[in-house]
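Here's a quick tour of a structure for someone just starting out. Keep the 3D view open and follow along from topic to topic.

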Amino acid sequence: MTDIDIEQYKITEEPFYEAQEDEVALYEAAYEARLPVMIKGPTGCGKSRFIEHMAWKLGKPVITVACNEDMTASDLVGRYLLDANGTRWLDGPLTTAARIGAICYLDEIVEARQDTTVVIHPLTDHRRTLPLDKKGELIEAHPDFQLVISYNPGYQSLMKDLKQSTKQRFTGLDFEYPDSKVETSIVVKEAGTDEETAGKLVKIAHTARNLKGHGLDEGISTRLLVYAATLMNKGIEAKRACRMALVRPITDDADIRSTLDNAIDSIFG
Amino acid sequence: MTTEYQHYRDKLKCSFEQIEECFDDYIQDALRNLTNKGVEDYLSGASLICMIGRGWEPVSIYLEKMPQMAQQLDESILEIVSKAVWDMSRSPNGKAIPPFMQCLPEAARRLGTIDQMQHFFDILNEMVENTTTSVHGHHKTHSSQGFPVLLQQVPYLLSQLSLEGFKNWVEYGTRNYRTHPGRQVDYFSLQSADSKAMLQRERHGTLYMDNERKLDMFLRSMWEDESYFVPYSLGFDELRKPIPYYDSLGIRVPDVYDDLNGVSGIDRYRLTIAHIAAHRRWTTAIIADNFSPFQRVAIEHLEDSRVEYLMLKEYPGMKKHLLALHPKPVEGDCDPEKESCIRHRLAMLSRAILDENHGYKNEFVLDFVERFYKAVEENDGSSTKEMADIAILFTARTRLQSDQSPNIRFENTEVDYRDDNRHMWMFIEEGDEEEAFDDHRDAKPEELESDGLPPRHYPEWDYGTSTFKPDWVSLYESVHPSANSKDIDVILDKHKALAKQLKQILDMLKPQQFVRVRYQEEGSELDLDVAMRSLIDYKCGAQPDPRINMSHKHDGRDIAVMLLLDLSASLNDVPEGSEQTILQLSQEAVSLLSWTIEQLGDKFAIAGFHSDTRHNVRYYHIKGYSEHFDDTVKGRLAAMDAGFSTRMGGAIRHASHYLDAQKADKKIMLILTDGEPSDIDVDDDQYLISDTKKAVDELSSKGMYSYCISLDKKADDYIQDIFGAGGYSVIDRVEKLPEKLPLLFTALTS
């Protein structure tokens, strides 16, 4: 198994991340003990960015798997393939991570079917092993291996929730949209815009977040704010950029659209 | 009369002496405004009106008002009006001539063009035509009752409605109350509830009702505030227009806002709500008792300015709307010698605070603008208390003797979007303030006793106008009375043989819907399609899909059924060749059907309905979804009784809201009826048929199926129009109903 290029999973440049609270220290402590971590939070609040940042900080490779409902256990652990000489085993991403000692990041884990998620169980408790039953091999996880999952408790249906047995194998970090000051500085740094514009963008985001549950499933994310600021940097007029980046993507509801458009007009003047 | 106008006077063939006195003025006015041809028409028109014999008043109105109207619109109006009056005098509606003449000037002012005026006459003509009735023969003999009252309402109606709205409003009344003079008068005099409701619907401007959700979101998203909105109408208080305010019961806003100074209605709503929300956020109530009324007015103005300043800091984009709506009092417009300028001064101050380009020179205003900004900028937004101090100083400095004058200048001082500020005062002693009255209100009127649920109102579809009549049907729901449940057992016993036969069919039905589950890694058999695809992928060197198996599983029935029974009087008929009434046969059929569905385990409810005009549609609950087919339900079935008529639309709409709440893959509404929809207050057969069709369409648009079982042999004429092809069966031999119905149901759902 030496033919895996570990370097490709490493993050070479520092991804920008602005800490909201003490999550960096918490994560570092969890990694020290190799405890599995679950990260919860609404879309676009910086979950994936946080993991990238931590992987860079710890100097560890990270393997990211975007989960979907068609994903099977084989897609995670690996499968036999036929080739000219018979069959050949191909490791899945989870197996690879366990072998090379990477951080395996399962993004949006609840999208995967529940029978799929149970394959991670033996890796997440004291055993730290991964049995490949088809191959007849039991992998001992590399000492550096750590499992991280993320999900968004907000928008999924009631049907999509993690089993208790899965949940209780993880330590958890709750992410929220950062407070106005931090969020403003994120937009400033990430999009290179000025403080005042960023502050206004954040204010618009707050008006939309107040509507969550009243017609909006999810408020305007930090990611979208960065998009809007980026459009403005390209010379687009502020109100138009906000409509394009902040309002149109998140809703098809005419009433909400007009309310948010009005908020943009009121805030940008 | 001077001899100068004598030859004009000769042309006017009318000898009332009241006319004589004013003729000079009339003709002078006419000569100023009209061409020669116009003057000719004017005089001959007046002569014509004089001849109808309705006294001098119509003639004098004509002479007085027509020159101006003709100048404003077109001279052809002279002839149109005289002709219309002449025609009217030849019809039974002569009585309406004076009010007709009276409403004309106002109508002309509102409508503005001759074309609009012509439309207006057309509308009136059609209304008269349709409401003038005859008792015998084809000559119209009875005058229109609604017409004179309508004419009296014209000025008000046109001030509230566009001409199109006016037309709709008039047509609605004509259509619905053509044959009922008493109600016609109620409608056209704006007395009846639906007349007001229609008026409301036709009003111009931005209606609160259309934007409720937007405004709620506005308050929630931009102000993080929550409250109820209570709309009030501007339509009925002429003297003292209510203005927005809020209290513990909610925020009161007008029910309609027109566009004003380039600010759209919805933005005016937003500004009003923003202003109130700003008060709610930043204003703290202060004690009122120590301030004089003038001081209070001043404090209110400054506090308004303060919350607006804070609001604009947050949302600078609102400024342009505020500037557009805030009055701009002209300096020196108010003469302190003649009137009280207190409001004028304060409005100037308020404008100057809002608008840096105010251009006022008044030293007090300039000084206090500075003080205001110093206060809000230095003290972090300042406070209501501090505003009170500044305001008192302002009233002291600028006080004039004439402030006490009862003649207060109001023009250009009223700020449209501000509320009445009643929330910012606390009263220690109850004084003679208006609010004091509220405290002594009588205890709540006792709850009306009622033996059931309050009525539910449903709209009804009017195919004539393709609109819904709002809240047209009142539906009362109650639990069906009970009788001896043993009767139903006897019926079931009687049809034992049939039940046995049904049971066999049911057993075949039970395992339903064999479903194929594809894309399985492990399954009961190979799914060839997918397997081939995987093999091809593999041969091409691509990642093959390993999920090439499939399996089967049984899917349970997931059906919710609503059985709606028509309990109209015709059920008491005994069909030919049978000894039982249709009611008894239906009872048997429904019992068997209930038994069948209970066996199948589907979700199932039964309700019956009949109607006695739109005001009284009865809806009887016989079996609910959570009830089983037990003795209680059987008891209710046994008590089934027939009476009244069949107004189906409302019943379907009510039943559908129960069915819609069920969680099931398939929702079916079965309707068992013995005739077409009808009611005693409807003459037009097609009306209730089209309403029922609309109700059925609503069902299918909500994903529910409807199926009608009709016992009416003549149903073919209309039933397909209502339920569509394949949405019904007609059972010719009613005595077969008990065996047909359960079979039909099983066939439908298998």
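This is a predicted model: local features need pLDDT of at least 70, side-chain atom pairs count only at pLDDT 80 or more; totals for chains, interfaces and linings use all residues.

In α25(B), the residues M648(B), G649(B), I652(B), R653(B) and S656(B) meet a set from α26(B): L688(B), D691(B), T692(B), K694(B), A695(B), V696(B), E698(B) and L699(B). "Meeting" here is about contact, which requires that the C-beta atoms of two residues, placed from the backbone, lie within 7 Å. Residues are numbered from 1 along each chain as its sequence is written, and chains are lettered from A and ligands numbered from 1 in the order in which they are written.

**The helix pair in chain B**

- The residues of this contact between α25(B) and α26(B) split into six nonpolar, three polar and four charged. Nonpolar covers Ala, Val, Leu, Ile, Met, Phe, Trp, Tyr, Cys and Pro; charged covers Asp, Glu, Lys and Arg; the others, Gly among them, are polar.
- Two packed helices are described by the angle between their axes and the distance between the axes.
- Helix α25 (residues 648-660) of chain B packs against helix α26 (residues 685-701) of chain B at an angle of about 15°, and their axes are 8 Å apart. That angle is why α25(B) is called roughly parallel to α26(B).
- On the cut-offs, angles under 35 degrees are roughly parallel, over 145 roughly antiparallel, 65 to 115 roughly perpendicular, and the rest oblique. The axes are lines fitted to C-alpha atoms, for helices over the stretch in contact, and angles run from 0 to 180 degrees between N-to-C directions.
- α25(B) and α26(B) have a left-handed crossing, meaning the near helix is turned anticlockwise from the far one by less than a right angle (clockwise would be right-handed).

**The eight-strand sheet in chain B**

- Strands of a sheet pair through backbone hydrogen bonds, either parallel or antiparallel. Two strands count as paired if DSSP finds at least two bridges between them.
- Eight strands of chain B make an open sheet with mixed pairing, in the order β8-β9-β15-β14-β13-β16-β17-β18.
- At the edges stand β8 (456-462) and β18 (728-730) of chain B, each with a single partner strand, so one side of each has no neighbour in the sheet.
- From one strand to the next, the twist averages 25°.
- Inside this order, strand β9 (residues 467-479) of chain B pairs in the parallel sense with strand β15 (residues 617-623) of chain B over five bridges. S478(B) sits opposite Y620(B) in β15(B).

**The three-strand sheet in chain B**

- Another open sheet with mixed pairing has three strands, ordered β2-β4-β3 (chain B).
- Its edges are β2 and β3 (245-247) of chain B, each with a single partner strand, so each has one side without a neighbour in the sheet.
- Three bridges link β3(B) to strand β4 (residues 250-254) of chain B in the antiparallel sense, and Y245(B) stands opposite R252(B) in β4(B).
- Helix α13 (residues 265-282) of chain B packs on the sheet and touches β3 and β4 of chain B; its direction makes about 150° with that of β4(B).

**Zooming in on Y232(B)**

- You'll find Y232(B) in strand β2 (residues 229-232) of chain B.
- Y232(B) counts as partly exposed because it has 17 C-beta neighbours inside 10 Å. The rule: 20 or more other C-beta atoms within 10 Å of its own is buried, 12 or fewer is exposed, and in between is partly exposed, with C-beta atoms placed from the backbone.
- Leaving out residues up to four places away in sequence, Y232(B) touches P242(B), R252(B), P254(B) and D255(B).

**Both chains**

- Chain B has 28 helices and 18 strands, while chain A has twelve helices and nine strands. These are DSSP runs numbered from the N terminus: helices are H or I with at least four residues, strands are E with at least two.
- Of the 750 residues in chain B, 36% are buried; of the 269 residues in chain A, 40% are buried.
- The contact between the chains takes 17 residues from chain B and 21 residues from chain A. Helix α12 (residues 208-223) of chain B gives the largest share of chain B's side, seven residues.
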